[in-house]
Amino acid sequence: MDESTGWLNQAVKRVRSFAYANPAEGPARRPKVGLALGGGFARGIAHIGLLRIFEQAHIPIDFLAGTSVGALIAAAYAGGTPLEVMEQVGQSTRFKDFAEWAVSWDGFASNTRLERYLRRMTPVRSFDELRIPLTIVATDLMTAEPVYFTEGKIGPALCASCAYPGLFRPVEQDGRLLVDGFLAAPVPVKAMREMGADFVIGVNLSSFSRDERPTNLFEIVARTFTVLMRHGEAVWRPLADVLIEPDVGEFRWDDFPRTPELVAAGERAAREALPQILAAIQQP
C-alpha cells in the first residue's frame, strides 16, 4: 500500500467503525451532510476534483445546493453523471457551448443553450428525477433576495442561476427578473440549512489574487463583483461548518482546456479538509 491510498483506507475504516460503534443499540445516526457549491465559470471544474475525493472517502452527501456553475455541477452530479464524464465535458467546453451572442440593452449574450449543455451530461430534466435533493439559487434583481429552486424543470432554474449580470441577459420567470445567484448567495450554505442539513460544507471559488490584473471589460466586471462579495462574506461564512477554498486564483473564467489542473486543485483542497469532515460526521 502506498501513501497515496493509505490515508484514504484509514479514513474509510474510521467511517465504517463509527456506523457500528455500538452494536447493542444499532447504528448511530450520523449528521445529514449538505454540500454547497459556489460559482466561478471555468473554476467550477474544481468541484469535480472535490467530489472525487469525497467519493473515494465515502463521504455521504444528503443535500446539494449550487450557485451559477456550482448549480450546473450539482445538477449533473445529482442526476447521476459519472465524474469522468463531467471532466471530459469540461475539458472540451467552449463559450459557444452554453452561450449565444445576442447583444441587447440588458446583456451581450443569452445562456439558453445551458439546457442543451446539461443534457450532454445527464438526461434528467426535472428536480424529482434527481438522486440527491437539490437547490439551485438565483437572485431576484428587483428584491435583491435569493430565489431557491427545488422543484419543476431544472433547465430554466439553471439559466437563471447562471445569468451573470452584464454578460448574460436576465431571465424572466413568474413575473420576476432573475440573475446569477452569486449576488445573493455566493456559496449557498443557507439553502443547506433550510433543506435540513446538520453539517454544511461550503466550496468557495472566489479566489482573490493581487497579481491577477484584469485585461478586458469582462474581467474588470468580474473582479468588481469579487470585491463586493469579499465585503459580504461575514453574512454567509459562519453558516458553513467547513469551508473549502481551492487555490484557483491563477485560472481565468474561460480556462476550460486546463481542466486537469482545476480538478487537481479541487482534489488537493478536499484532502486538506477531509480530517475535519470525518471528525464531524463521526459524531452522532
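User: Which residues of helix 4 (residues 83-92) are buried?

Analyst: This is a predicted model: local features need pLDDT of at least 70, side-chain atom pairs count only at pLDDT 80 or more, and totals for chains, interfaces and linings use all residues. Residues are numbered from 1 along each chain as its sequence is written, and side-chain values use heavy atoms, without hydrogens and water. Helices (H or I, at least four residues) and strands (E, at least two) are DSSP runs, numbered from the N terminus; buried means under 20% relative accessible area, exposed over 50%, and partly exposed in between (1.4 Å probe, protein chains only). In helix 4, the buried residues are L83, M86, E87, V89 and G90.

User: Which helices do the buried residues of helix 4 pack against?

Analyst: Contact means heavy atoms within 4.5 Å. The buried residues of helix 4 pack against helix 2 (46-56), helix 3 (69-78), helix 6 (114-119) and helix 11.

User: How many of the residues of helix 2 are buried?

Analyst: Helix 2 is mostly covered. Its buried residues are A46, H47, I48, G49, L50, L51, R52, I53 and F54. Of the 11 residues in helix 2, the buried ones number nine.

User: Where is H58, the residue with a positive phi that follows helix 2?

Analyst: Most residues other than glycine have a negative phi. H58 has a phi near 55°, a positive value, and is not a glycine. At 45% relative accessibility, H58 counts as partly exposed. Its place is the loop between helix 2 and strand 2 (63-67).

User: Is S68 buried or exposed?

Analyst: S68 also has a positive phi, about 55°, although it is not a glycine. It sits in the loop between strand 2 and helix 3. With a relative accessible area of 7%, S68 is buried.

User: Which residues have the most contacts inside the largest nonpolar core?

Analyst: A nonpolar core is a set of buried Ala, Val, Leu, Ile, Met, Phe, Trp, Tyr and Cys residues joined through side-chain atoms within 4.5 Å. The largest one has 78 residues. Helix 11 (residues 259-281) gives the largest share of this core, 11 residues. Those with the most contacts inside the core are L35, F54, L64, F149, F168, I244 and I277.

User: Which residues is I277 in contact with, leaving aside neighbours within four places in sequence?

Analyst: I277 is among the residues with the most contacts inside the largest core. Outside its sequence neighbours, I277 is in contact with F54, I59, F199, I201, V242 and I244.

User: How many residues are in the second, separate core?

Analyst: This core includes A36, V187, A197 and V200. Its residues number 11.

User: Which residues of strand 9 (residues 199-203) are buried on each side?

Analyst: Strand 9 is mostly covered, with five of its five residues buried. Both of its faces are covered. One side has F199, I201 and V203; the other has V200 and G202.

User: Which residue of strand 10 (residues 242-244) stands opposite V203?

Analyst: Two strands pair if DSSP finds at least two bridges between them. Strand 9 pairs with strand 1 (residues 33-37) in the parallel sense over five bridges, and there G34 stands opposite V200. Three bridges join strand 9 to strand 10, which run parallel. In that pairing, V203 stands opposite I244.

User: How many disulfides are there?

Analyst: A disulfide is a pair of cysteine sulfur atoms within 2.5 Å. The sulfur of C159 is 7.5 Å from the closest cysteine sulfur, in C162, so it is too far for a bond. C159 is buried at 4% relative accessible area, and C162 is buried at 9%. The count of disulfides is zero.

User: Which residue's backbone oxygen lies 2.9 Å from a polar atom of the side chain of Q173?

Analyst: Q173 is in strand 7 (residues 171-173) and is buried, with a relative accessible area of 15%. Leaving aside its neighbours within four places in sequence, Q173 is in contact with F149, P156, A157, A160 and L178. The backbone oxygen 2.9 Å from a polar atom of its side chain belongs to P156.

User: What share of the 284 residues of the chain counts as buried?

Analyst: The chain has 11 helices and 10 strands. Among contacts between residues at least 6 apart in sequence, 74% join residues at least 24 apart. The buried share is 53%.

Key: Polar contact = N/O pair within 3.5 Å; in protein donor to acceptor, adjacent residues only side chain to side chain.
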